[in-house]
Amino acid sequence: HADRDRIIPHGSYGTIPGDTGHVETDHYDLFQLSKNWKLDAWNTLEQRFNIGAYGYDGQFPYDYSSALPSDPRVMNIDKARGNWWGIENRLINTACAKVYYNTLFNSGTRHSQLSSCYLLHCGDSIEEITETWRRFSQLSKWAGGLGCSWTAVRGTGAHIQGTNGESSGVVPFLKVSNDIAIAVNQGGKRPGALCSYLELWHVDVEEFLDLRKETGDERRRTHNMNTAHWIPDLFMKRVIEGGDWTLFSPSTCPDLHDKFGKGFEQAYTAYEAKVDRGEIKLYKRMPAKDLWRKMLSMLFETGHPWITFKDACNVRSPQQHAGVVHSSNLCTEITLNTSDEETAVCNLGSVNLLQHLKDGKVDQDKLKKTISTAMRMLDNVIDINYYAVKKARDSNLRHRPVGLGVMGFQDALYELRI
């Protein structure tokens, strides 16, 4: 505290490193506000987010105010103060994968990658697969959490027209993806994070079930990568009815991945009819209940693959006119359209409900102010963000998705004696 004026003089300029803009702020006022921070919260900031900026070893909480989404290119000082008010009073938590805070994680750096998660879609060619790995590396380097759909990659035994050989399936490519997440460890600050999705009709789904097992061929295991099933409603109907389930290679039925609801059901049963007529050679057929039991058994054994539902996400999507939801993200709370042309981006934050209680009830006026501030911050992220991948920038600016959730819900219920 004694060094306050020496480090940042009263009324000095607060700037974002590498940026030509500046805003004139009264750092003394911000210093007074930052006294509300508790020691444990400050220690977390210092250990995880300190970037050693501004010419001294440590940063005070108010130093982060000029590095958060209050970029002078899009916000005036009154709005910047509003952003600081929300974060300083622990009302807003700018979020990302694995409970870290991406919007703060890279703030104030020369590459301010402020978005939380990225959703990718991998095609079937070797060029598309290696391009997906390149995007993995770039996005993970700048601390992006990754979710990717691999359903379009042809299954084991499928014909490769270019070489006249047979495909080794999707699992070897998932192994490489797992190793990329280990090698490119989010700027050297935390481990890389990836979740791979596969639709339940893919012919390699049984091997996909075993990816997180502790036994077996290590070349076909991905211990550091999350996995998730992308399940159509038709499968659950077959489980309930005691029917069979047929697995296909995407090279045989490339349109299934882009269909959902009744359209998927009609196309899927048509391919099953082709199997019955002997027109499709590469397939597997089993009782749907047997596959369901394997899924649940592996979920209890390894915690993976997760259970996510394709039709529920797509039928309820307000963006059906813009494309198809092929997967969720790393943490399975986001459903956005992906394609070969777009890498979806999620910009996330949460409102701390515990900090919005007053006299035994929710302070609606304070909550309204917090939500307004948080939404402005999240929208600003889209404009000032550093995009390591062009397809991500194109998608984010086109659709401008943001997600604002809640935290401290149980604590708020406890304080309200509910």
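1. Accessible areas here come from the Shrake-Rupley method with a 1.4 Å probe. On that basis, the protein chain in this predicted model has an accessible surface of about 19,400 Å². Carbon and sulfur atoms account for 51% of that surface.

2. A quick tour of the overall make-up: the protein chain has 15 helices and 16 strands. Of its 418 residues, 50% are buried. Look at contacts between residues at least 6 apart in sequence, and you'll find that 70% of them join residues at least 24 apart.

3. Now for a pair of helices, H6 (residues 126-141) and H7 (residues 171-183). Their axes come within 10 Å and cross at roughly 20°. Angles under 35 degrees count as roughly parallel, so H6 is roughly parallel to H7. The crossing of these two helices is right-handed.

4. Which residues in H6 and H7 meet? From H6 come Ile126, Ile129, Trp133, Phe136 and Ser137, and from H7 come Phe173, Val176, Ser177 and Ile180. Sorted by class, this contact has 7 nonpolar and 2 polar residues, with no charged ones.

5. Another pair worth a look is H9 (residues 233-241) with H11 (residues 288-302). These helices pack at an angle of about 110°, and their axes are 8 Å apart. Since 65 to 115 degrees counts as roughly perpendicular, H9 is roughly perpendicular to H11.

6. On the H9 side of that contact sit Phe235, Met236, Arg238 and Val239. They meet Ala288, Lys289, Leu291, Trp292 and Met295 in H11. The residues of this contact split into 7 nonpolar and 2 charged, with no polar ones.

Methods: Residues numbered from 1 in each chain as written. Predicted model: local features only at pLDDT ≥ 70, side-chain atom pairs only at ≥ 80, totals over all residues. Heavy atoms only, no water. Axes fitted to C-alpha atoms, helices over the stretch in contact; angles between N-to-C directions. Helix = DSSP H or I, 4+ residues; strand = E, 2+ residues; numbered from the N terminus. Parallel < 35°, antiparallel > 145°, perpendicular 65-115°, else oblique. Left-handed = near helix turned anticlockwise from the far one by under 90°. Contact = heavy atoms within 4.5 Å. Nonpolar A, V, L, I, M, F, W, Y, C, P; charged D, E, K, R; others polar. Buried < 20%, exposed > 50% of the residue type's maximum accessible area, 1.4 Å probe, protein only.
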